Amino acid sequence: AAEGELCVCELNAVVEVSESGLSHALSHLVDAGLVAGRKDGRWKKYRATNRAVALVTVLEGSVGDE
């Protein structure tokens, strides 16, 4: 996907969740500041925010500490 952005239909191909369930989860992630969304015609594209990337980086580092 262009610049790390995916629409719900593209994300749905990766996870086994209904599109409506995925859209609902994405709205919670947007509210938490972990995902950003933008309209692209009739589609909404989502991408991880810098906050999400930083969180994953910290979590990946802590996995090795166990």
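**Figure 1. Burial and overall layout of the protein.** Buried residues make up 17% of the 66 residues in the protein. Buried means under 20% relative accessible area, exposed means over 50%, and partly exposed lies in between (1.4 Å probe, protein chains only). This is a predicted model, in which local features need pLDDT of at least 70 and side-chain atom pairs count only at pLDDT 80 or more, while totals for chains, interfaces and linings use all residues. Residues are numbered from 1 along each chain as its sequence is written, and side-chain values use heavy atoms, with hydrogens and water left out. The protein has three helices and three strands. Their order from the N terminus is β-α-α-β-β-α. Helices (H or I, at least four residues) and strands (E, at least two) are DSSP runs, numbered from the N terminus. Along the principal axes, the C-alpha atoms fill a box of roughly 45 × 25 × 20 Å.

**Figure 2. The largest nonpolar core.** Six residues form this core: V8, L11, L22, L26, V35 and Y46. Helices α1 (8-12) and α2 are the elements that give two or more residues to this core. A nonpolar core is a set of buried Ala, Val, Leu, Ile, Met, Phe, Trp, Tyr and Cys residues joined through side-chain atoms within 4.5 Å. In soluble globular proteins, nonpolar side chains tend to be buried together. Leaving aside residues up to four places away in sequence, L11 touches L6, L22 and L26. Contact means heavy atoms within 4.5 Å.

Figure 3. Helix α2 covers residues 19-31, 13 residues in all. From its first C-alpha to its last, α2 reaches 18 Å, close to the 18 Å expected at 1.5 Å a residue. The expected span is 1.5 Å times one less than the number of residues. Just after α2, G33 takes a positive phi of about 80 degrees.

**Figure 4. E5 and its partners.** E5 lies in the segment before β1 (6-7). E5 counts as buried because its relative accessibility is 10%. Its side chain joins that of R38 in a polar contact of 2.7 Å. A polar contact is a pair of N or O atoms within 3.5 Å; within protein, one must be able to donate a hydrogen and the other to accept it, and residues adjacent in sequence count only if both atoms are side-chain atoms. Not counting residues up to four places away in sequence, E5 touches E10, R38, K45, Y46 and R47.

**Figure 5. E10 in helix α1.** E10 lies in helix α1. At 32% relative accessibility, E10 is partly exposed. E10 and K45 are 35 residues apart in sequence and 9.5 Å apart in space, C-alpha to C-alpha.
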